Amino acid sequence: MMNDDLIFQNEEFDENIPYISLDLGIEDISLITESVRDAAKNCHHDSDKKESLETLDGFLTRIMLEYRFRVE
C-alpha cells in the first residue's frame with residue numbers, strides 16, 4: 001500500500017479480515033457521498049448507524065478534496 005492511500009477505518013475495523021478495493025471515478029465518489037450524507041441526515045432511529053454514516057461521509061469528502069488538490 002502506498003503511503004498516500006486512504007483507508008476507511010472505524011472502531012470496528014479488523015485488519016485480519018480482507019477488505020475490498022474499488023476503482024471508482026470521482027463522479028461516482030461524489031454520488032456515493034451525496035447518498036451517504038442524505039442517509040445520515042434522515043437516520044433518526046439509530047444513532048450508531050448515523051454516526052457510522054457521518055464517519056463514512058467524512059472519509060469520502062477527504063477523498064474528493066485530495067483528488068481536487070492533486071488534479072485541479
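Me: Where is Leu22 found?
Reply: This is a predicted model. In it, Leu22 lies in the segment before α1, the helix spanning 26–41.

Me: Is Leu22 buried or exposed?
Reply: Exposed. Leu22 has a relative accessible area of 60%, and the cut-off for exposed is over 50%.

Me: Which residues make the nonpolar surface patch of about 410 Å²?
Reply: Ile20, Leu22, Leu24 and Ile32 make that patch.

Me: Switching to the inside. What makes up the largest nonpolar core?
Reply: Nine residues in all: Ile26, Ile29, Val36, Ala40, Cys43, Leu53, Phe59, Leu60 and Met64. Helices α1 and α2 each supply at least two residues of this core.

Me: Take Met64 from that list. Which helix is Met64 in?
Reply: Met64 sits in α2, residues 47–71.

Me: Why does Met64 count as buried?
Reply: Because its relative accessible area is 8%, and buried means under 20%.

Me: What is Met64 in contact with, leaving aside neighbours within four places in sequence?
Reply: Ile26, Ile29, Ser30 and Thr33. Of these contacts, Ile26 and Ile29 are also listed in the largest nonpolar core.

Me: And Ser30, how far is that from Met64?
Reply: In sequence, Ser30 and Met64 are 34 residues apart. In space, their C-alpha atoms are 7.3 Å apart.

Me: Now Val36. What does Val36 touch, not counting residues up to four places away in sequence?
Reply: Val36 touches Leu53, Leu56, Asp57 and Leu60.

Methods. Residues are numbered from 1 along each chain as its sequence is written. This is a predicted model: local features need pLDDT of at least 70, side-chain atom pairs count only at pLDDT 80 or more; totals for chains, interfaces and linings use all residues. Side-chain values use heavy atoms; hydrogens and water are left out. Helices (H or I, at least four residues) and strands (E, at least two) are DSSP runs, numbered from the N terminus. Buried means under 20% relative accessible area, exposed over 50%, partly exposed in between (1.4 Å probe, protein chains only). Contact means heavy atoms within 4.5 Å. Patches are made of residues with over 30% relative accessible area and no salt bridge: like charges are joined within 9 Å, nonpolar side chains (Val, Leu, Ile, Met, Phe, Trp, Tyr) within 5 Å. Accessible areas come from the Shrake-Rupley method with a 1.4 Å probe; for residues, only the protein chains shown count as cover. A salt bridge is a side-chain nitrogen of Lys or Arg within 4 Å of a carboxyl oxygen of Asp or Glu. A nonpolar core is a set of buried Ala, Val, Leu, Ile, Met, Phe, Trp, Tyr and Cys residues joined through side-chain atoms within 4.5 Å.
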